[in-house]
Amino acid sequence: MFSQENYIEVLEFATIAHGEQKTPKGYPYLAHITSVAMEVINACEKSNLDEKKADLAISCALLHDVIEDTNITYDELYVKFGEDVANGVEALTKDKTLSSKQEQMRDSIERLLTQPYEVQMVKLADRITNLGTPPKHWDNKKIKDYQKEASFILSCLGNSNIYLSNRLKEKIENYNNFIKE
Ligand SMILES: [Mn+2]
């Protein structure tokens with residue numbers, strides 16, 4: 001089980017934080033974060049996570065991009081939602097002072113590995129959500145690299161939840177349909 005009241009409260013906070021931000025496909029950003037939260041909720045229920053763990057996973061799912069993409073800070077999350085949520089969202093945030101995207105990903109995963117499984121699950125759910133049809137402007141190399149990066153995420157964080165890791169595996173396989181050889 002999870003707290004529906006917590007879901008609503010965190011969703012409202014994330015809605016205001018992301019404001020007019022859009023996804024790469026041009027949808028309101030909520031379409032992204034509620035999809036990530038849906039994957040996490042499904043996995044929590046199937047895995048019978050207790051309410052405390054499920055609420056941490058779901059809160060981090062709804063908030064996973066607020067430090068990276070909005071002006072919300074770690075301290076604000078700490079005050080409003082507590083230390084575990086703030087630490088989780090921070091670990092899910094890329095360090096943009098690192099020069100390459102590869103380094104940013106590696107660093108974020110290293111930090112995620114020090115977090116509980118409930119937080120690591122969000123990274124799997126995020127990539128599951130992002131492995132839909134690639135944006136039109138992506139070339140073959142970019143698509144291949146994105147698939148490779150997804151395999152790296154799976155190999156590092158797959159232990160966190162069997163349902164999400166199986167679903168990500170499937171998504172990575174299906175992504176071959178977008179690659180031209
Ligand atoms: Mn995301």
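This is a predicted model: local features need pLDDT of at least 70, side-chain atom pairs count only at pLDDT 80 or more; totals for chains, interfaces and linings use all residues.

Colleague: How do the planes of the Y74 and Y78 rings lie: stacked, edge-to-face or tilted?

Modeller: The structure holds five aromatic pairs. In the pair formed by Y74 and Y78, the ring centres are 6.1 Å apart and the planes meet at 45°. Planes under 30 degrees apart count as stacked and those over 60 as edge-to-face. The pair of Y74 and Y78 is therefore tilted.

Colleague: In which helix do Y74 and Y78 both lie?

Modeller: Y74 and Y78 are four residues apart, about one turn of the helix. The helix that holds both spans residues 74–81 and is helix 5.

Colleague: What is the geometry of the pair formed by Y175 and F178?

Modeller: The ring centres of Y175 and F178 are 5.4 Å apart, and their planes stand at 70°. Since an angle over 60 counts as edge-to-face, the pair of Y175 and F178 is edge-to-face.

Colleague: Is Y175 buried or exposed?

Modeller: The cut-off for a buried residue is under 20% relative accessible area. Y175 has a relative accessible area of 1%, so Y175 is buried.

Colleague: Which charged residue sits over the ring of Y146?

Modeller: Y146 belongs to a cluster that ring pairs build from W138, Y146, Y175 and F178. Over the ring of W138 sits the charged end of K142, 4.7 Å from the ring centre. Over the ring of Y146, at 3.9 Å from its centre, sits the charged end of R127.

Colleague: How is helix 1 oriented relative to helix 3?

Modeller: Helix 1 (residues 4–18) and helix 3 (residues 51–63) pack with their axes 9 Å apart, at an angle of about 20°. Residues in contact include Y7, V10 and L11 of helix 1 and I58, S59 and L62 of helix 3. Helix 1 passes helix 3 in a right-handed crossing. Because angles under 35 degrees count as roughly parallel, helix 1 is roughly parallel to helix 3.

Colleague: What is the handedness of the crossing of helix 8 and helix 10?

Modeller: Helix 8 (residues 117–130) packs against helix 10 (residues 162–174) at about 25°, with axes 9 Å apart. That angle makes helix 8 roughly parallel to helix 10. Among the residues in contact are L124 and R127 of helix 8 and L164 and L168 of helix 10. The crossing of helix 8 and helix 10 is left-handed.

Notes. Residues are numbered from 1 along each chain as its sequence is written. Side-chain values use heavy atoms; hydrogens and water are left out. Rings of Phe, Tyr and Trp (its six-membered ring) pair if their centres lie within 6.5 Å; planes under 30 degrees apart count as stacked, over 60 as edge-to-face and the rest as tilted. Helices (H or I, at least four residues) and strands (E, at least two) are DSSP runs, numbered from the N terminus. Buried means under 20% relative accessible area, exposed over 50%, partly exposed in between (1.4 Å probe, protein chains only). A charge sits over a ring if NZ of Lys or CZ of Arg is within 6 Å of the ring centre and within 35 degrees of the ring normal. Axes are lines fitted to C-alpha atoms, for helices over the stretch in contact, and angles run from 0 to 180 degrees between N-to-C directions. Angles under 35 degrees count as roughly parallel, over 145 as roughly antiparallel, 65 to 115 as roughly perpendicular and the rest as oblique. A crossing is left-handed if the near helix is turned anticlockwise from the far one by less than a right angle, and right-handed if clockwise. Contact means heavy atoms within 4.5 Å.
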